[in-house]
Amino acid sequence: MRIAVCVKQIPDPAAPYELDPETHFVVRPEDQVLDDTDRYGVEVALQLAEAAGDDASVTLVSMSPSGSLQGIRQALAMGADKAVIVDDASLRGADALTTSRVIAAAIGREGYDVVVAGTESTDGYTGVVPQQIAEVLGAPSLTFARKVEAVDGKIRIERQTQAGYDVVEAAPPVLLTVTSGAVEPRYPTFKGIMQAKQKPIDTLTCTDLGVTADNQQVITSVDPVPARQAGEIVEDEGEGHLRIVAMLEEAKVI
Amino acid sequence: MSKQPARARKVDARDFLGLDAKLSPEERLIRDTVRSFVADRVLPEVAEWFEAGTFPKEMAKEMGALGLLGMHLEGYGCAGTNAVSYGLACTELEAGDSSARSFVSVQGSLVMFPILTYGSDAQKQEWLPAMARGDAIGCFGLTEPDSGSDPASMRTAAKRDGDDWVLNGSKMWITNGGIADVAVVWAQTDDGIRGFIVPTTTKGFTAHDIHKKLSMRASITSELVFDDVRLPADAVLPGVRGLRGPLSCLTEARFGILFGVVGAARACYEAALDYAVTRDQFGGPIGRFQLTQRKLVDMLIGVNHGALLALHLGRMKDEGTLEPAQVSFGKLDNVRMALGVAREARSILGANGITLEYPVIRHMNNLESVYTLEGTNEIHTLVLGQAITGLNAFT
Ligand SMILES: Cc1cc2nc3c(=O)[nH]c(=O)nc-3n(C[C@H](O)[C@H](O)[C@H](O)COP(=O)(O)OP(=O)(O)OC[C@H]3O[C@@H](n4cnc5c(N)ncnc54)[C@H](O)[C@@H]3O)c2cc1C
């Protein structure tokens, strides 16, 4: 089973983000970390590969400036076999569809049975790239998996829904997105960290993949997040709970 | 005045000298992995272990799975990292608790190291892979009730009986003694001091845990008693004779300590810094008083000096140029620094500083042990004194 995992290197969320004053894009430092949500995808991929046996392979696919490759190495150290990075200056500001086309081209070039992705990235939050990749690849997508297993040659997931979960399955080739918390991601082992140095990392350009960056996003302006409004203090004179229920309903959380 | 004043942006209060940039990607990844492991597995529970006076034995397997046990050794299932990575792992473990670092130091540097360096092939095969996985736990017996800083005075002795050895005596203050599967025991023989590999199930071997400790409470410390312990001829470590054997192990373990205590000090400094900017007295945070700032800055400087020293010595170890006296320099100064930082931090936390709700007094008490073990502050002073004057002041 050939498994491709979409991963993203992002600036360390613990450090304050900086925006380029002209383009308004996030300034990407040399050292980026693995997006935390991708650790779940990598874990699911590794578990599927382990269950499938010896000839299964896990390939990381990422579109981002390579930088020091720190984030990619982190995922390789968890146990992935190799990585394919698409690093091309023309992709700066690529929109979600362009990103999906590029990643799909890279996955298609590698060959795959299963593609695993997180539900959305922590820095971009578009949440549409995985489904678009599936569409470009012409594969079905199983989304929001909170549990994944391979059963009788099919991939079966528990798909998280608002009310509970649905059990859905599809035969490979298939793409699935996994929710954070679906599995307990393993720590990279030290042996894994040492071996990660030797694992192949292919760096590709758009030309290698025969794709072009057609749609560029332009950020016209950026505004700071409005300061938080002071909260409302509910004096409880026996009816406080009703007011709280009403507020929660207004906020559509219940 | 706001509760959380913005700190100056240009420098990072947690990596003031930008030492991160001096680490390789692998070193950082190992450091970050151990940091997450400590955050997930040690910090949430360590105060309870400390209070109860226990160390959960299962941790051995988890540490083994990560690759922490014998991580800087080559082969036999060990990860084979460089010395700096081992040091950084010690820093992160000890930022959790000295007992976690101590567990790893004893296993890797005091037990696996001598077996790898002085052991026979059969001894290595039998013990190293199991110890690297954490399936077997080791302990190191050098100190005795009447023989501490002066190990040459030890009384534990092994006598030949036919091909066998018969071991008698006792060892004191032995980390992991009560939970160990195997002990490396140093004993007098007709041929000088030799090391023996003693499975703890051997007849005549008993371990008694030491209670009523107020330091290193999350670590098991025991007395080992050998009452006619009969060992086969191949129980002896063939590769070393004399005090050089145990002393070389101690140099390895001290290297872990000189990195480790930087972590304990950093944890105390960070706890004090957080406390100082959030605790209000006289109408504002206590961090605005010059007296508090002086303490915080002294702590900042101590922690960063210690980290620089450790990294420097680590690079020397990786180059193969590190001398034992230089390790003594690091052990002496970094433990002294860490203990000072812990005491200052304790004062900033006021009454909260004496509880296990905060990490500080735990570290402070642990560091009292670290000050004494693996060569006391005084002994390392004499090592350094002799190194620069050529004059022996030990006796
Ligand atoms: C928590 C803990 C864990 C330990 N784990 C282990 C272990 O796993 N294995 C092991 O073998 N040992 C272990 N030890 C023992 C430790 O190594 C000894 O405590 C240490 O070597 C000091 O010996 P001592 O306690 O007998 O003190 P002593 O040697 O009696 O020293 C008492 C005081 O006299 C000073 N002193 C001694 N000689 C001189 C001198 N020549 N000049 C000036 N001052 C001097 C010392 O510096 C100290 O201040 C552990 C100790 C502790 C506290």
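Reader: How many residues does helix H8 of chain B have, and what span from first C-alpha to last is expected at 1.5 Å a residue?

Author: This is a predicted model. Helix H8 of chain B covers residues 290-319, 30 residues in total. The expected span is 44 Å, and H8(B) reaches 43 Å, close to that value.

Reader: Which residue comes just after H8(B), and what is its phi?

Author: Gly320(B). Its phi is positive, about 85°. Look at H3(B) as well: Gly67(B) follows that helix, again with a positive phi, near 110°.

Reader: Stay with H3(B). Which of its residues are buried?

Author: A residue counts as buried if 20 or more other C-beta atoms lie within 10 Å of its own. In H3(B) that gives Met59(B), Ala60(B), Met63(B), Gly64(B) and Leu66(B).

Reader: Why do they sit on the same side of H3(B)?

Author: Check the arc around the axis. These residues cover only 160° of it, so they fall on the same side of H3(B).

Reader: What covers the buried residues of H3(B)?

Author: Elements from both chains. Chain A contributes helix H5 (190-196). From chain B, the cover includes H1, helix H5 (98-118) and helix H6 (121-133).

Reader: Now the chain contact. How many residues does it take from each chain?

Author: There are 14 from chain B and 13 from chain A. On the chain B side, helix H1 (25-42) and helix H3 (59-66) each supply at least two residues. H1(B) gives the most, with seven. By class, that side of chain B has eight nonpolar, five polar and one charged residues.

Reader: Into which domains is chain B divided?

Author: Domain 1 is 19-133, domain 2 is 138-235 and domain 3 is 244-389. Take domains 2 and 3 of chain B: their centres, over C-alpha atoms, are 30 Å apart. Their contact takes ten residues from domain 2 and nine from domain 3. The domain 2 side has seven nonpolar, three polar and no charged residues.

Definitions and conventions
Residues numbered from 1 in each chain as written. Chains lettered and ligands numbered in written order. Predicted model: local features only at pLDDT ≥ 70, side-chain atom pairs only at ≥ 80, totals over all residues. Contact = placed C-beta atoms within 7 Å. Helix = DSSP H or I, 4+ residues; strand = E, 2+ residues; numbered from the N terminus. Nonpolar A, V, L, I, M, F, W, Y, C, P; charged D, E, K, R; others polar. Buried ≥ 20, exposed ≤ 12 C-beta atoms within 10 Å, placed from the backbone. Arc of directions from axis to C-beta. Expected span 1.5 Å × (residues − 1). Domains from an automatic or database assignment.
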